[in-house]
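I opened this entry to keep a record of what I looked up, in the order in which I looked.

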Amino acid sequence: MPDVALPTLTIAPISPSIGARVTGIDLTRPLSENSFAALERALVTHHVLFFENQPLNPRQQRDFAARFGDLHIHPVYPNVPEQPEIMVLDTGSHNPTDNDVWHTDVTFIETPPAIVALSGKIIPPQGGDTVWASNVAAYEALSAPIRRLLEPLRAVHDFTKAFPEWRHTGPAIHERWREARDKHPPLTHPVIRTHPVSGAKALFVSENFTTRILGLTEKESASILGFLFDHIARPEFTVRWQWKPDDLAIWDNRSTQHYAVNDYLPHRRVMHRATVLGDRPY
């Protein structure tokens, strides 16, 4: 997908279902409209794009992400003080990760993020990879009877499943958690959502936030969710990225979920995340 401004831009798929490596582009500089449009198209097609050697500072990362839409400020995670739209994920022995579970980001709000941009700042010498799964490929691999069963269903997404009270101790931290909990009561989203750009259907449940399917018994709900959580994580729907400092990944949060592999202790891992708000799933 080259254009006049960037004749060297290349987008190379990594796996059949998900993921592409992008080269010939410098995201520290403003992009032309043609180049940005090429990235938007590629993101819808490949679900997650990987860029190497992109030393973005927080302002540059914010400005790049803001080209896609309005940015979300997370109610619990810390952020860069001078750029509150940039969330800081600083994990290691001092702060064990809570992202080593399959999840789609921030589905506890009515308009979950459309796009997320994650920049690697401090990368452990080994480990700390991230794995993404295509919820579109997972949906398409289901049998027709299971698709028909799931199509009309809605599921509950709960902030407190991913952010339990016991993890948030200390007066200031607990007060911030309590305010976030009160502001974000459980809500429902369709089990199958339609992508607003491509029209593709995708599963929209994840282990981190989804608690139950409405209209089913507790045992029925638990059985179906357990099946879907396992199904989505099948290797043929996934791509795995081994981080290097200043790598950037951007993904379509409407059609994916991801898992941060927790295998790097006692080393430290620091990532900066910008999160672009989306629309109401349908």
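Predicted model: local features only at pLDDT ≥ 70, side-chain atom pairs only at ≥ 80, totals over all residues.

Residues are numbered from 1 along each chain as its sequence is written, and side-chain values use heavy atoms, with hydrogens and water left out.

**Sheet.** I looked up the strand order and found an open sheet of 8 strands, E1-E2-E3-E14-E6-E16-E5-E4, with mixed pairing. Its edge strands are E1 (10-13) and E4 (79-80), each of which pairs on one side only.

I then turned to E14 and its two partners. E3 and E14 run antiparallel and are joined by 4 bridges, with Leu49 having Ile250 of E14 as its bridge partner. E6 (residues 113-122) also pairs with E14 (residues 248-252) in the antiparallel sense, over 5 bridges, and here Ser119 has Leu248 as its bridge partner.

How many residues of E14 are buried? With buried meaning under 20% relative accessible area, exposed over 50% and partly exposed in between (1.4 Å probe, protein chains only), I found 5 of the 5 residues of E14 buried, so the strand is largely enclosed by the rest of the structure. Leu248, Ile250 and Asp252 are buried on one side of E14, and Ala249 and Trp251 are buried on the other. I set beside this the general point that in a regular strand the side chains alternate between the two faces of the sheet.

**Helices.** For contact I used heavy atoms within 4.5 Å, and for axes I used lines fitted to C-alpha atoms, for helices over the stretch in contact, with angles from 0 to 180 degrees between N-to-C directions. H1 (residues 33-46) lies across E1, E2, E3, E6 and E14, at about 125 degrees to E3. H2 (residues 58-66) lies across E4, E5, E6, E14 and E16, at about 115 degrees to E5.

**Cores.** I took a nonpolar core as a set of buried Ala, Val, Leu, Ile, Met, Phe, Trp, Tyr and Cys residues joined through side-chain atoms within 4.5 Å. The largest has 30 residues, of which Leu27, Leu39, Leu49, Phe51 and Ile250 touch the most other members. H1 gives the largest share of this core, 5 residues. A second, separate core of 26 residues includes Val76, Leu89, Ile109 and Trp132.

**Histidines.** A polar atom of its side chain lies 3.1 Å from the backbone oxygen of Ile109. Leaving aside neighbours within four places in sequence, the contacts of His189 include Glu110, Arg154, His157 and Phe204.

His72, in the loop between H2 and E4, counts as buried at 11% relative accessibility.

Definitions and conventions: Pairing = 2+ DSSP bridges. Helix = DSSP H or I, 4+ residues; strand = E, 2+ residues; numbered from the N terminus. Polar contact = N/O pair within 3.5 Å; in protein donor to acceptor, adjacent residues only side chain to side chain.
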